[in-house]
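This report goes through one protein model a part at a time. Please keep the sequence and the 3D view open while reading.

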Amino acid sequence: MVTLKEYRNGEKPDWCPGCGDYSVLAGLNKAVVSLGIEPHNLVISAGIGCSGKISGYTRAYGFQGLHGRALPVAQGIKLANKNLTVIAMGGDGDGYAIGVGHFIHAMRRNINITYIVMDNQLYALTKAQASPRSDLGFITSTSLEGATDEPIFPTRLALSMGATFVAQAFTGNMKQMVNIFEQAISHEGFSIVNVFSPCHTYNYKNTPLWFKQHLTNLDNLTDYDISDKYNAYKVIDEYNNLITGVIYKNEKKEIFEKKIPGFSENLPISKMDISVKNDIIEKMCDCFR
């Protein structure tokens with residue numbers, strides 16, 4: 001039986017006091033323990049930013065790569081060893097700006113990984129610049145008269161690119177967040193969970209109290225059908241993306257791994273003999289002769 005103690009590595013996070021990322025870390029640990037995932041079977045791929053440090057604060061395999069590159073690393077790990085539970089983690093600047101191209105292609109592939117984004121609506125690590133998630137008119141160190149770009153709705157983008165599990169959570173609702181993490185990790189296919197994770201140091205608008213006053217919990221909406229993609233679009237627009245819960249789930253779309261010719265159902269690539277035979281090399285060379 002897996003316990004929370006097994007995921008504690010003794011490292012103390014150096015996030016600012018009150019940062020929502022503390023709750024994300026606690027919620028993730030609770031979710032993987034609840035699912036019975038042992039630390040040696042879990043890999044966390046992270047990018048750069050406040051959120052990028054998260055893999056170092058839990059006892060599992062971790063990789064911190066370049067800014068915006070958490071997803072290609074996570075996909076490579078999953079393809080090399082499909083038996084591992086792979087979770088990519090990052091922030092809204094990391095994932096929806098420099099990393100948005102990787103985000104789009106991971107979704108259209110429907111590779112079997114989970115992507116958790118800690119969304120604080122700005123670049124916090126570099127002292128509060130406007131991010132793709134900053135509200136129109138939001139004042140930051142790079143938008144002294146207010147942000148002029150419309151914010152990205154990652155949920156709407158995810159639906160349009162074929163993500164098969166789309167959800168949002170709020171660090172102020174731990175019970176729901178843990179439940180969403182459990183569902184996302186258990187889902188076969190690409191799962192995106194955008195987490196509203198308030199920054200107490202730089203974001204004076206999108207505070208925990210502000211979210212509590214403006215968020216709508218889909219769990220409280222009667223007859224909401226998470227399999228209806230078009231209704232999901234409608235709800236996102238109706239509530240201006242300020243919703244939490246599972247927004248959309250598709251269990252019928254085939255995952256990327258099963259589409260690859262020769263991809264073993266049982267043996268991960270990391271256990272295979274991938275040496276290239278001489279006859280194959282000869283055939284390759286013949287193409288250029």
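Predicted model: local features only at pLDDT ≥ 70, side-chain atom pairs only at ≥ 80, totals over all residues.

## Cysteines

How many disulfides does the count come to? The count comes to 0 disulfides. A disulfide would need the two sulfur atoms to be within 2.5 Å.

Cys50 is likewise in no disulfide: its nearest cysteine sulfur, in Cys19, is at 6.2 Å.

## Strand 4 and its neighbours

Strand 4 covers residues 114–119 and runs parallel to strand 3, residues 85–91, with 5 bridges joining the two. Within this pairing, Gly90 stands opposite Val117 of strand 4. Strand 4 is also joined to strand 8, by 6 bridges, and these two strands run parallel as well. Here Ile116 stands opposite Val193 in strand 8.

Is strand 4 mostly covered or mostly open? Strand 4 is mostly covered, since 6 of its 6 residues are buried, meaning under 20% relative accessible area. Both of its faces are covered. Thr114, Ile116 and Met118 are buried on one side, and Tyr115, Val117 and Asp119 are buried on the other.

## Asp92

Asp92 is found in helix 3, residues 92–98. Is Asp92 buried or exposed? Asp92 is buried, because its relative accessible area is 1% and the limit for a buried residue is under 20%.

Asp92 and Asp119 are 27 residues apart in sequence, but their C-alpha atoms are 4.9 Å apart in space. Leaving aside residues up to four places away in sequence, the residues that Asp92 touches include Val117, Met118, Asp119, Asn120, Gln121 and Leu122. Ser131, Pro132 and Arg133 are also among them. A polar atom of the Asp92 side chain lies 3.2 Å from the backbone nitrogen of Asn120.

## Aromatic pairs

How many aromatic pairs does the structure hold? The structure holds 8 aromatic pairs. One of them is formed by Phe170 and Phe211, with 5.6 Å from centre to centre and 40° between the planes, and is tilted. Phe170 lies in strand 7 and Phe211 in helix 7 (residues 208–214), so this pair ties together parts that are 41 residues apart in sequence. Phe170 is buried at a relative accessible area of 6%, and Phe211 is buried at 1%.

Phe211 also pairs with Phe196; this pair is tilted too, at 5.0 Å centre to centre and 35° between the planes. The pair links distant parts of the chain, with Phe196 in strand 8 and Phe211 in helix 7, 15 residues apart. Phe196 counts as buried, with 1% relative accessibility. Elsewhere, Tyr96, Phe103, Tyr115 and Phe190 form one aromatic cluster.

## Positive phi angles

Gln121 has a phi near 65°, a positive value in a residue other than glycine. Gln121 is found in the loop between strand 4 and strand 5 (122–123). Its relative accessibility is 2%, so Gln121 counts as buried.

Asn240 is another non-glycine residue with a positive phi, near 55°. Where is Asn240 found? Asn240 is in the loop between helix 8 (229–238) and strand 10. At 48% relative accessibility, Asn240 counts as partly exposed.

Key. Residues numbered from 1 in each chain as written. Heavy atoms only, no water. Pairing = 2+ DSSP bridges. Helix = DSSP H or I, 4+ residues; strand = E, 2+ residues; numbered from the N terminus. Buried < 20%, exposed > 50% of the residue type's maximum accessible area, 1.4 Å probe, protein only. Contact = heavy atoms within 4.5 Å. Polar contact = N/O pair within 3.5 Å; in protein donor to acceptor, adjacent residues only side chain to side chain. Phe/Tyr/Trp six-rings, centres within 6.5 Å; stacked < 30°, edge-to-face > 60°.
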